[in-house]
Amino acid sequence: MSDSLLVRVEQVEKVFRRGSEEIHVLQGLNLEVAKGEFLALMGPSGSGKSTLLNLIGGLDRPTRGLVAIGGERVDELSDRRLAGWRARHIGFVFQLYNLLPVLTAERNVELPLLLTPLSKSERRKHVATALQVVGLSHRTKHYPRQLSGGEQQRVGIARAIVTDPTLLLCDEPTGDLDRKSGDEILNLLQALNQQHGKSIVMVTHDPHASARASRTVYLNKGQLSTVMPE
Amino acid sequence: MKYLHLIWSSLRRKKLRTLLTVLSVLVAFLLFGYLAAIEEALGQGVSVAGADRLVVRHKVSIVQLLPVSYKERMARIPGVSDVAHATWFGGIYQDPKNFFAQHPVEPERFLSLYPEFILPEDQKKKWLETRTGAVVGRKTAQKYGWKIGDRIPIQATIWEKTGRDKSWEFDLVGIYDGAKTGTDTTTFLFRYDYFDETRAFAKGTVGWYIVRVEDPDRAVEVAAAIDTEFANSPAETKAETELAFVQGFAKQVGNIGAIMIAILSAVFFTILLVAGNTMAQAVRERTEELGVLKAMGFTNAQMLGLVLAESCFLSVLGGCLGLGVAWLLIAGGDPTRGAFPMFHFPTQKIVTGVFLTAALGLAAGILPALQAMRLRIADALRRM
């Protein structure tokens with residue numbers, strides 16, 4: 001395996017059951033993502049983009065096949081080890097930001113650090129740095145309801161990068177934003193990729209967003225291709 | 001500790017719901033505290049009853065009197081080391097609501113039988129010198145603002161003086177304290193010789209005897225010997241240990257323990273449903289957020305712990321506030337103004353109460369916590 005390879009998804013199948021019916025969402029899918037790559041994953045609704053993202057992020061397990069991140073077989077880890085692995089290696093950015101409404105911006109960003117052995121003052125420093133990177137140092141004490149959608153997503157990104165994870169997984173990060181705010185978020189993701197070397201896998205419907213990625217793949221009917229399906 | 005802020009923030013999410021749940025738990029534990037004090041008061045003396053003391057009363061009923069001459073005969077029975085007697089006076093101080101027990105006794109013998117009544121030596125000496133002298137427990141003295149040297153008028157309801165006079169007056173010569181927390185310090189004691197000479201009828205009789213046995217292990221045997229001694233006499237006796245006597249008194253009111261458990265079970269079951277429902281709602285409303293926490297790397301055990309901690313926090317907060325309010329109310333005094341001379345919140349019950357608050361929190365939170373623990377991240381995030 002190449003040293004530059006970060007994500008390896010091999011012959012992955014994912015089958016969901018609805019009563020007696022089996023739904024084959026992913027069928028023998030293969031994907032490789034290099035370190036430092038910004039990959040856009042596109043496809044129509046229900047094509048399995050989020051399912052694939054969940055498998056890469058260790059939120060779900062494949063029915064068959066293997067998922068390895070940085071050489072580690074994620075699909076074989078126990079629930080407890082998988083949780084620890086996610087805390088160390090993965091940063092998630094969600095479409096609806098998913099901030100805890102009862103916590104301020106800095107407390108939201110601090111959440112993943114609670115799982116680390118860092119002291120309170122060290123956590124504070126990391127939080128301040130992450131908020132500075134996303135340009136929200138002046139909004140630390142604000143609650144999510146006091147922030148615009150774009151600002152909330154910036155807090156979401158700060159939360160995702162605060163532990164300095166190996167891989168950022170973004171599920172429609174601009175899907176709930178207007179074009180201007182969306183562009184700002186895409187600029188930020190691009191900067192994280194190009195200036196900070198963060199590897200990113202981003203699910204999106206938006207060709208404008210995928211254009212910012214270094215590579216785009218298309219998922220349709222459980223299969224990947226480099227060509228947009230008709 | 002680092003999760004405390006997260007737990008506290010979750011509870012602040014629905015402030016009114018949290019407040020109402022805390023108040024429900026508070027009321028339950030207030031009731032627990034108050035019932036515990038009432039149970040203790042109704043079974044008064046059970047916990048402080050002397051293991052080496054017997055109570056000897058008339059076989060028919062405690063209201064039937066016994067001859068004072070029995071004292072010498074009892075003292076001669078093998079195994080008996082000391083004998084004293086007391087009589088129910090049942091007088092009224094100023095108002096019938098001002099209830100406290102009054103007994104004519106032989107000072108030296110009585111104080112010898114009840115070493116838990118601590119009376120300073122000089123006051124005891126004064127009592128022996130003063131025929132109309134009386135001593136009273138600290139609680140009653142404080143309640144009515146009595147001090148040594150006061151003249152205490154008591155209106156008799158049973159014991160008229162010669163000349164159909166019902167007004168008795170006593171000189172307060174001493175105030176005794178209790179050696180233990182549960183010791184009754186409400187009783188008013190005065191001299192039997194003055195009482196017997198002054199009363200209009202039933203002279204030479206007493207209400208009951210208190211007997212100290214040499215060996216507590218032989219208490220039942222000595223009690224039987226006393227009853228045999230007075231068998232077939234005009235006033236047959238019933239001797240029993242002080243503990244059995246006090247428990248018998250308590251049982252006349254009913255099986256207080258069972259009543260208390262029944263009431264508290266109903267209350268706690270209701271509160272369990274209230275607190276459990278609060279936690280279940282809290283978890284249901286936050287399914288997506290819990291999914292996000294798990295996605296970040298919170299383990300199943302941490303999710304279980306977070307929800308249980310939240311539930312316990314609610315329960316312990318409400319419960320301890322309830323126990324605190326109960327303690328304050330109980331410390332404020334006997335609500336019956338005298339019927340419960342030993343009205344206090346036993347330490348053992350406070351400790352039990354604190355443990356119960358945590359147990360309630362665990363019981364109320366366990367199902368929602370398991371739900372949070374078993375939550376599948378992908379399913380939780382799909383709900384978004």
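Student: How much of chain B counts as buried?
Tutor: In this predicted model, 38% of the 384 residues of chain B count as buried.

Student: And what is chain B built from, in helices and strands?
Tutor: Chain B has 14 helices and 12 strands. Looking at its contacts between residues at least 6 apart in sequence, 83% join residues at least 24 apart.

Student: Can we zoom in on one residue? Where does Ile175(B) sit?
Tutor: Ile175(B) belongs to strand E8 of chain B, residues 167-178.

Student: Buried or exposed, and why?
Tutor: Ile175(B) is buried, because 21 other C-beta atoms lie within 10 Å and the cut-off for buried is 20 or more.

Student: Which residues is Ile175(B) in contact with, leaving aside neighbours within four places in sequence?
Tutor: Those are Val135(B), Val136(B), Arg138(B), Ala141(B) and Ile148(B). As for Trp146(B), which is 29 residues away along the chain, its C-alpha atom is 9.2 Å from that of Ile175(B).

Student: Let's move to the interface. How many residues of each chain are in contact there?
Tutor: On chain B there are 19 residues, in contact with 21 residues of chain A. Three helices of chain B, namely H1 (4-12), H11 (287-296) and H14 (377-382), each supply at least two residues of the side that touches chain A.

Student: Which of them gives the most?
Tutor: That is H11(B), with five residues. Sorted by class, the side of chain B that touches chain A has eight nonpolar, six polar and five charged residues.

Student: Switching to chain A: how does the end-to-end span of helix H4 agree with what it should be?
Tutor: Helix H4(A) has 14 residues, 120-133, and at 1.5 Å a residue it should span 20 Å. The C-alpha atoms at its ends are 20 Å apart, so the two agree.

Student: Which residues of H4(A) are buried?
Tutor: They are His126(A), Val127(A), Ala130(A) and Leu131(A). These cover an arc of only 130° around the axis, so they are on the same side of H4(A).

Student: Why would residues three or four places apart point the same way?
Tutor: Because an α-helix has 3.6 residues a turn.

Student: What do the buried residues of H4(A) pack against?
Tutor: They pack against two helices of chain A, H3 (105-110) and H5 (149-161). The other side of H4(A) has Ser121(A), Glu122(A), Lys125(A) and Gln132(A) exposed. Just after the helix, Gly135(A) takes a positive phi of about 75°.

Student: What about the six-stranded sheet in chain A, what is the strand order?
Tutor: The order is E6-E7-E8-E3-E9-E10, in an open sheet with mixed pairing. Strands E6 (90-93) and E10 (223-225) of chain A stand at the edges with a single partner strand each, so one side of each has no neighbour in the sheet. On average, neighbouring strands are turned by 20° against each other, direction ignored.

Student: How do E7 and E8 of chain A run, parallel or antiparallel?
Tutor: Parallel, with five bridges joining E7 (residues 167-171) to E8 (residues 199-203). Leu169(A) stands opposite Val201(A) in E8(A).

Student: Which strands does helix H1 of chain A lie across?
Tutor: Helix H1(A), residues 49-56, lies across E3 (38-42), E7, E8 and E9 (215-220) of chain A, and runs at about 150° to E8(A).

Student: Last one: how do E1 and E2 of chain A pair?
Tutor: Strands E1 (residues 5-18) and E2 (residues 21-34) of chain A are antiparallel, over 10 bridges. Val15(A) has His24(A) in E2(A) as its bridge partner. Two residues lie between the strands of this hairpin, where Gly19(A) takes a positive phi near 65°.

Conventions:
Residues numbered from 1 in each chain as written. Chains lettered and ligands numbered in written order. Predicted model: local features only at pLDDT ≥ 70, side-chain atom pairs only at ≥ 80, totals over all residues. Contact = placed C-beta atoms within 7 Å. Helix = DSSP H or I, 4+ residues; strand = E, 2+ residues; numbered from the N terminus. Nonpolar A, V, L, I, M, F, W, Y, C, P; charged D, E, K, R; others polar. Expected span 1.5 Å × (residues − 1). Buried ≥ 20, exposed ≤ 12 C-beta atoms within 10 Å, placed from the backbone. Arc of directions from axis to C-beta. Pairing = 2+ DSSP bridges. Axes fitted to C-alpha atoms, helices over the stretch in contact; angles between N-to-C directions.
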